[in-house]
Amino acid sequence: MKAASSQTPLATAVYDPLARMSAGDWLKRNLFSSVWQTLLTVITAAVLLRFFWFVLDWGVINAVWFTSDPEVCRAATGACWAVIVEKHRPMLFGLYPYDEHWRLVLMMAIYLGTVVFSLMPRNWNLRLLVPLWCVAAVSIGVLMFGGVLGLRYVPTSEWGGLPLTMLLFTGTVLFGMPVAVLLALGRRAPLPVARGVSVVFIEALRGVPLITILFVAVNVFPLFLPAGVQVDKLLRITIGIAIFFACYQAEVIRGGLQAIPRGQYEAAASLSLTYWQTTTRIILPQALRICLPAITNHIIAAMKNTSFVIIIGLFDILTATTAVMQDPLWRKFYVEAYLFVAAVYLFFGYALSLYARKVEKWIASGRV
Amino acid sequence: MSQSTSMQAADAPIISLHNVSKWYGQFQVLCAVDLDVRKGERVVVCGPSGSGKSTLIRCINRLEVHQEGRIFVKGLEMTDNVKNIDAIRRNIGMVFQNFNLFPHLTVLENLTLGPMLTRQMKKADAEDLAMHFLRKVRIPEQARKYPLQLSGGQQQRVAIARSLCMEPEIMLFDEPTSALDPEMIKEVLDTMIELAQSGMTMIVVTHEMGFARTVADNVVFMADGRMVESAPPEEFFGNPREERTRTFLDQILKH
């Protein structure tokens, strides 16, 4: 029997965890809660609107999209996206012979397809990946070099643009990551020789600018080779960038290794596992999961360090754009050209970043 | 140490510590410890914290290195010789206070890793072995789970099963129930009692005196790095010889 209440009960509001705030309530609480916040909201909104209107006006409404006459672009007040349409081939492919660009397109398709396939956890099976990468490497080599199957031979000194960036990036990561792991393990090894070598290597190469390392790799290293032995310049510079990358990654990985509790080593020892079995099956899987965000950082940076290839006279996508925009007819529209390059870098960098976040989620849910 | 006749070998202790001492820097943590353990014997090592009991059993499988004295396991001496260390470790299973399961592997993978890598077992055989021991510790349904999804008591039982998968002759327990809730202590102790009844040689460092009374053949009391007293449980609990033992028992049995 309910008792008649003369007063309203104290707590009538019942908290419903599934209830969502209405839009009006959200706006009121987060944007207009006080006088100062309202003022700030209005000012920020005004600035943002002004900016977006400018972008819309300059980039879309008054922009010139297709023309081969730079005068049309000069006459217009908006962006000249036509410069990209005009110049996209040398920007994307550098000095590579014009008629052979189809080979580069095919190469990029094979490369991206292989990479995307390899990044999916369900394909993480050495028996699947090793042959795949061998086939991909051979076909990319054939496509880029030529000289066989009736294809015209193109030496590495004429490679450039986005494919060059991709190759340098892949070489850096594929060669650099294993070296990074070995350096990190070496720095923590009980053997004083391994430890000494790792420390000297890491500290020396970390403390020196990348461009110096690359100069040494390109100009000084051949002096140590016996007469007549020539190592391709592109290969030399790739190894230089890869080793620099490896030294930074080694310290990141060492941080992850330090986070593994001693009990893991002891459990592995009590099961009679050898050093390498313990390291590859127990320690590294845990350490790499721990330092994944920092590893991703350096991998994205490695993608941008590929621009250093200019010191041996090769033009990656950024330096090719700079060179192409020297054209006096189109020189005025360098902003649009660089925005395009920035968009390409942003696309790949963001893709890497999204993938890394996905991997972190998989780790957290136990799928990886 | 001669292992001549088989008759003599049957009586010879499976683990033998002679005059073992260990220092951490200047601090002496083990002082001239002598211990003989026969095959199938169950030894409980107890004592106040800092007495060196964990260090003692960790010396037996070389997780700690002793500076003086000699340690023999199944006739092999424990020295820097890597082959000896490896041969000895294969015969000893260890269960730790904080379980030390591999968190990135499932329970089944935790158990099959050792046999597959060190005994070159095929995956199917290793999994059969693993399920056999999981059934023995009464948690076969947890095989596909990750360690962090299990309770403490279940994790410790997985750890026991993991050591058993190596089919050792000796099991070392370093305070196996000290990190567990009281409710889970019972399930782990029951597992250990069953193991003891199956004839396994066990050295258990623990504060669980009930377990010592039920299962132990010999109770060893350590204090300040020395072995103070060593006696069968009736004698140890009923009529301790040393004063130090009496003080310890008073403290620990008060509640």
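1. Start with Met325(A). This residue sits in the loop that links helix 14 (317–324) to helix 15 (334–365) of chain A. The model is a predicted one. Is Met325(A) buried or exposed? Met325(A) is buried, because 20 other C-beta atoms lie within 10 Å, and 20 or more is the cut-off for that class.

2. Next, the surroundings of Met325(A). Apart from neighbours within four places in sequence, Met325(A) contacts Trp330(A), Arg331(A), Tyr334(A) and Ala337(A). Met91(A) lies 234 residues away along the chain, yet its C-alpha atom is 9.2 Å from that of Met325(A).

3. Now the contact between the chains. Chain A supplies 16 residues and chain B supplies 18 residues. On the side of chain A that touches chain B, helix 11 (262–270) and helix 12 (275–290) are the elements that give two or more residues. That side of chain A is made up of 6 nonpolar, 7 polar and 3 charged residues.

4. Between those two helices of chain A, look at the loop. Ser272(A) lies in the loop between helix 11 and helix 12. Its phi is positive, at about 65 degrees, and Ser272(A) is not a glycine. Most residues other than glycine have a negative phi. Ser272(A) counts as buried because it has 22 C-beta neighbours inside 10 Å.

5. Helix 4 of chain B deserves a look too. This helix covers residues 107–118, and its buried residues include Val107(B), Leu111(B), Leu113(B) and Met116(B). Asn110(B), Thr112(B), Gly114(B) and Pro115(B) are also buried. What do the buried residues of helix 4 of chain B pack against? They pack against helix 12 of chain A, together with helix 5 (123–136) and helix 6 (152–164) of chain B. Just after helix 4, Gln120(B) takes a positive phi of about 50 degrees.

6. Lys74(B) is another residue to check. It has a positive phi of about 50 degrees and is not a glycine. Its place is the loop between strand 4 (68–73) and strand 5 (76–77) of chain B. Lys74(B) counts as partly exposed, because it has 18 C-beta neighbours inside 10 Å.

7. Last, the core. The largest nonpolar core has 142 residues. Which residues have the most contacts inside it? They are Ile253(A), Val45(B) and Leu172(B). Helix 10 (residues 233–258) of chain A gives the most to this core, with 14 residues. Beyond four places in sequence, Leu172(B) is in contact with Ile57(B), Ile60(B), Asn61(B), Ile92(B), Met94(B) and Ile203(B).

Key. Residues numbered from 1 in each chain as written. Chains lettered and ligands numbered in written order. Predicted model: local features only at pLDDT ≥ 70, side-chain atom pairs only at ≥ 80, totals over all residues. Contact = placed C-beta atoms within 7 Å. Helix = DSSP H or I, 4+ residues; strand = E, 2+ residues; numbered from the N terminus. Nonpolar A, V, L, I, M, F, W, Y, C, P; charged D, E, K, R; others polar. Buried ≥ 20, exposed ≤ 12 C-beta atoms within 10 Å, placed from the backbone. Core = buried A, V, L, I, M, F, W, Y, C linked by C-beta atoms within 7 Å.
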